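Please read the following report with the sequence and the model side by side, and look up each place as it is mentioned.

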Amino acid sequence: MTTPEPLLALSGINTFYGQAQVHFDLSVTVGRGHIVCLLGGNASGKSTTMKIILGLVKPRSGDVTFDGASLLGLTTPQIVRRGIASVPEARRLFADMSVRENILMGAFVRNDRDAVAQDLDKMLTLFPKLGQRLSQRAGSLSGGEQQMVAMARALMSRPRMIVMDEPTMGLSPLYVDRVLELIRTINLDGVSVFMVEQNASLALEIAHEAYVLQTGRIVLSGPARALKDDPRVRDAYLGGSEAA
Amino acid sequence: MSSWLDYTINGLIVGNVYALVAVGLALIFGVSRLINFAQGSIYLVGAYIGWVAVVQLHTPLPLTIIVVAAAAALVGLVIERFGLRPLQNSVRIAPLLATIGISFVLDQLVMLTFSPNPRALPSQLPDVRFQVGGGTIGPLDLLIAGVGLTSALLLFVFLRYSKLGWAVRAASQDRDAAMQMGVDVNRVNQAVFGIAAALGGVSGMLVGMYYNQIDTAMSLQATLKGVVAEVVGGAGNVPGAVIGSLLLGLVESYGVAVFGTSYRNLFAFLLLVVVLVLRPNGLFASARQAPPEPLTGTFIAPSRPLRIPRWALLAAAAIFALLPLLPVSFYVLQTLINAWLLGMLALSLTLVAGTIGQVSLGHAALLAIGAYTSALLSLSAAVPVGLAIIAGGLMSAALGTILISPSFRLRGHYVSIATLAIGEIVSLVILNWESVTRGPIGISGIPPLSLFGYDLVSPASIYWFSFAVMVALALLQARLLGSHLGRSFRAIRDDDIAARAYGLSLNRYKSLAFIFGGFAAGVSGGIAAHLYSYINHETFNTQQSILALTVVILGGLGNVVGAVVGSVALVGLPELFRIAAEYRILIYGIVLLLLVRFRPQGLLGTI
Ligand SMILES: Nc1ncnc2c1ncn2[C@@H]1O[C@H](COP(=O)(O)OP(=O)(O)O)[C@@H](O)[C@H]1O
Ligand SMILES: [Mg+2]
């Protein structure tokens with residue numbers, strides 16, 4: 001079996017905030033059609049990895065390629081237009097806009113109005129609960145509902161890849177399961193997924209590959225199945241940090 | 001005798017005009033978390049373009065409006081593209097200072113082009129008034145109301161139904177998230193500045209027609225009123241800005257009805273300070289809304305200050321001290337006396353703005369308090385001038401600190417607004433409190449400087465006196481900054497939350513900084529009063545506050561030597577090159593802009 005040519009590749013990334021180094025020679029690849037999970041504790045540099053991919057933070061050295069082309073010279077909107085959508089940490093909905101407007105904002109880069117309208121309907125079948133909430137202020141929804149909106153919003157751009165920052169954080173167990181199931185569904189539709197998680201046991205359920213980040217360094221990586229049984233992962237994550 | 005209905009109509013009409021300014025400010029604040037201090041200058045530009053169109057080109061009214069809106073929008077686009085966009089990654093104070101610099105440059109360009117004399121701006125509308133209930137209303141009132149409503153409607157449609165409008169709303173709620181949806185924030189900024197400038201320009205033109213007069217003083221007033229309305233409505237809240245404007249218009253109009261015209265602005269600024277202190281998020285902010293926190297964190301450009309060896313400082317001090325013994329002209333001494341007086345103000349401001357991070361835009365008020373105290377004491381109570389000046393310093397320290405203390409909990413931009421408003425309030429109180437301050441007439445016949453019974457009349461003696469006082473204050477301040485107190489000040493500036501966590505009482509340290517700074521500025525004002533022998537409520541104005549700020553940034557924020565060097569440079573160099581007075585403010589504005597862009601840490605570096 002051959003691994004597919006990677007869709008996204010970060011190679012040799014070193015990132016700094018001022019004097020403080022956040023990433024040390026970080027390399028991560030996401031294969032086409034895969035779900036790849038980046039695990040790590042608090043402040044290990046997971047969110048910064050997301051921001052590097054999206055061009056919100058620029059690394060001091062290293063390269064980020066998507067579909068073979070470097071993303072480093074591009075602005076965030078340009079990167080989004082290449083086909084990367086995001087579900088940011090803490091969802092970051094446009095709180096004072098309606099749910100409908102939030103979802104449609106996801107299609108901001110598209111100009112095919114009719115197809116966008118169809119996709120909105122599709123979202124409502126995928127996230128049936130949102131149907132009754134369309135005209136409500138996004139800020140007034142519960143955390144779980146907001147996560148649904150954030151995922152719908154990301155899908156609206158018809159991305160080739162979605163990056164998600166701790167999509168299950170702060171959700172009730174019911175919603176956690178729902179979110180994981182949805183990620184799998186999205187992935188089965190051909191969208192590659194790169195997700196950042198603290199909740200290792202759940203993430204490893206659905207991921208193909210996983211990386212473990214510790215204070216800015218990748219300390220472990222491999223097929224999710226293998227990592228799930230790795231005692232080092234079990235000790236570090238599956239035991240301790242399930243608090244959230 | 002006007003009826004209450006008339007006052008109400010007038011309040012709503014004026015409020016409508018403010019709304020056109022405030023909505024632009026709210027849009028810009030929403031997207032960039034920036035208070036655009038150049039908004040009033042665009043309003044001024046709009047008024048003068050209107051004048052050119054009406055008086056010289058004889059355009060019909062609808063065309064005039066279109067021309068003004070388009071030209072003002074163009075100015076807004078230029079400001080955004082060349083003034084602000086290059087600063088996107090600079091320290092957070094940079095865009096604020098840039099808009100101040102831009103405002104000075106624009107105002108001066110208008111003044112140089114059209115002269116400072118007021119001009120009439122006829123509205124071309126028939127001069128009739130209709131009876132409505134107990135009041136009257138004229139065609140111009142209707143025009144203003146019509147423009148206001150049409151603009152509101154257009155803006156609503158734009159924000160609600162256009163793609164760019166959605167981008168504006170999304171970016172103002174969460175800039176990063178909007179970028180992740182593919183929104184190009186530069187385009188959003190462009191749109192917002194263009195719209196804000198078009199509305200502001202039309203507003204200036206309408207006001208010019210309303211009073212049938214335009215002059216260059218309109219600019220600062222418009223910025224201030226727009227800011228008041230915007231903050232009352234909740235910074236960044238567009239509908240709030242409209243309501244805040246109408247409210248402000250009514251408050252002013254009723255205030256004028258009861259107390260008289262000279263109280264108009266006083267009510268506006270009191271309203272601002274009350275809202276800032278009690279509801280900094282505006283009247284309509286919901287409780288759960290996070291307070292908009294513009295410009296917190298690394299407010300000041302960090303840098304490694306230039307170390308100047310002690311012997312060099314001593315040598316420089318010795319040269320300046322011996323200067324009057326050399327054959328230098330009276331003119332040189334006069335110029336340097338001005339530099340030493342400005343130096344004292346700059347010492348004060350560099351402490352308050354640089355060391356503890358409260359960027360004051362109303363520092364000239366401290367000069368005024370010191371000057372009036374010293375002048376009145378020596379005139380009415382026959383207090384010896386030396387003592388009176390010290391009393392002026394103490395009064396400025398006490399009153400300045402008391403006035404600013406309700407605003408201690410504000411941060412970043414809000415501090416600047418509050419200090420600007422307090423500065424205006426001080427000037428307006430001086431204007432209106434006639435029994436003490438002699439109101440608009442001012443105080444004349446102030447006794448000359450004297451020390452221990454000897455009048456200081458020769459330029460050399462005045463020079464030595466002011467130089468000695470400034471050096472003493474500088475040494476004291478340098479001592480202070482090297483002490484534990486100085487470190488606490490800087491800790492508060494760099495991270496007030498962490499500083500509080502370490503147990504530092506922010507209010508106490510801010511008070512100490514303002515007390516010390518107030519004293520230095522008050523002494524400077526006191527000396528100035530005795531030098532000038534005449535002062536009034538306009539002697540110490542916002543231009544001086546901004547000049548001091550430019551000096552302080554030029555020298556390096558928080559830098560004591562820098563404050564003095566900056567003063568000598570900004571007072572001395574224009575003299576040296578014999579630059580005509582009317583170009584100086586323009587040059588100060590340009591210096592400020594260049595500094596912000598290319599050397600935010602100033603000549604000697606921030607400390
Ligand atoms: N904008 C920033 N400026 C300075 N330091 C930052 C910034 N964002 C994150 N950091 C620091 O970088 C480190 C990694 O942060 P982050 O990537 O958010 O970690 P994680 O998402 O794994 O919790 C942390 O120590 C954090 O404090
Ligand atoms: Mg994170």
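Thr215(A) counts as exposed because its relative accessibility is 58%, where exposed means over 50% relative accessible area, buried means under 20%, and partly exposed lies in between, with a 1.4 Å probe and protein chains only. Thr215(A) sits in the loop that links strand E9 (209-214) to strand E10 (217-223) of chain A; strands (E, at least two residues) and helices (H or I, at least four) are DSSP runs, numbered from the N terminus. Although Thr215(A) is not a glycine, its phi is positive, at about 35°. Most residues other than glycine have a negative phi.

The model is predicted, so local features need pLDDT of at least 70 and side-chain atom pairs count only at pLDDT 80 or more, while totals for chains, interfaces and linings use all residues. Residues are numbered from 1 along each chain as its sequence is written, chains are lettered from A and ligands numbered from 1 in the order in which they are written, and side-chain values use heavy atoms, with hydrogens and water left out.

**Further places in chain A**

Asp67(A) also has a positive phi, of about 55°, although it is not a glycine. Asp67(A) belongs to the loop between strand E4 (61-66) and strand E5 (69-70) of chain A, and it counts as partly exposed because its relative accessibility is 33%.

His34(A) is placed in the loop between strand E2 (20-31) and strand E3 (35-40) of chain A, and with 16% relative accessibility it counts as buried. From His34(A) to Met164(A) there are 130 residues in sequence, and their C-alpha atoms are 14 Å apart in space.

**Two places in chain B**

Asn559(B) lies in the loop between helix H22 (542-555) and helix H23 (560-576) of chain B, and it is buried, because its relative accessible area is 4%. Its side chain reaches the backbone nitrogen of Val561(B) at 3.2 Å. Which residues is Asn559(B) in contact with, once its neighbours within four places in sequence are left aside? They are Pro305(B), Thr350(B), Leu604(B), Gly605(B) and Ile607(B), where contact means heavy atoms within 4.5 Å.

Asn265(B) is part of helix H11 (residues 264-278) of chain B, and it counts as buried because its relative accessibility is 18%. Not counting residues up to four places away in sequence, Asn265(B) touches Gln221(B), Lys225(B) and Leu428(B).

The secondary structure of chain A comes to nine helices and ten strands, and that of chain B comes to 24 helices and four strands. For each chain the radius of gyration, taken over C-alpha atoms, can be set against a globule rule of 2.2 Å times the number of residues to the power 0.38. Chain A has 244 residues, for which a compact globule would have a radius of gyration near 18 Å, and its value of 17 Å agrees. Chain B has 607 residues, for which the rule gives a value near 25 Å, and its 24 Å agrees as well.

| Chain | C-alpha span | Buried residues |
|---|---|---|
| Chain A | about 45 × 45 × 40 Å | 54% of 244 residues |
| Chain B | about 70 × 60 × 45 Å | 58% of 607 residues |

Among contacts between residues at least 6 apart in sequence, 68% in chain A join residues at least 24 apart, and in chain B the share is 80%. The accessible surface, which comes from the Shrake-Rupley method with a 1.4 Å probe, is about 10,700 Å² for chain A, of which 50% belongs to carbon and sulfur atoms. For chain B the accessible surface comes to about 24,400 Å², and 68% of it belongs to carbon and sulfur atoms.

Methods:
A polar contact is a pair of N or O atoms within 3.5 Å; within protein, one must be able to donate a hydrogen and the other to accept it, and residues adjacent in sequence count only if both atoms are side-chain atoms.
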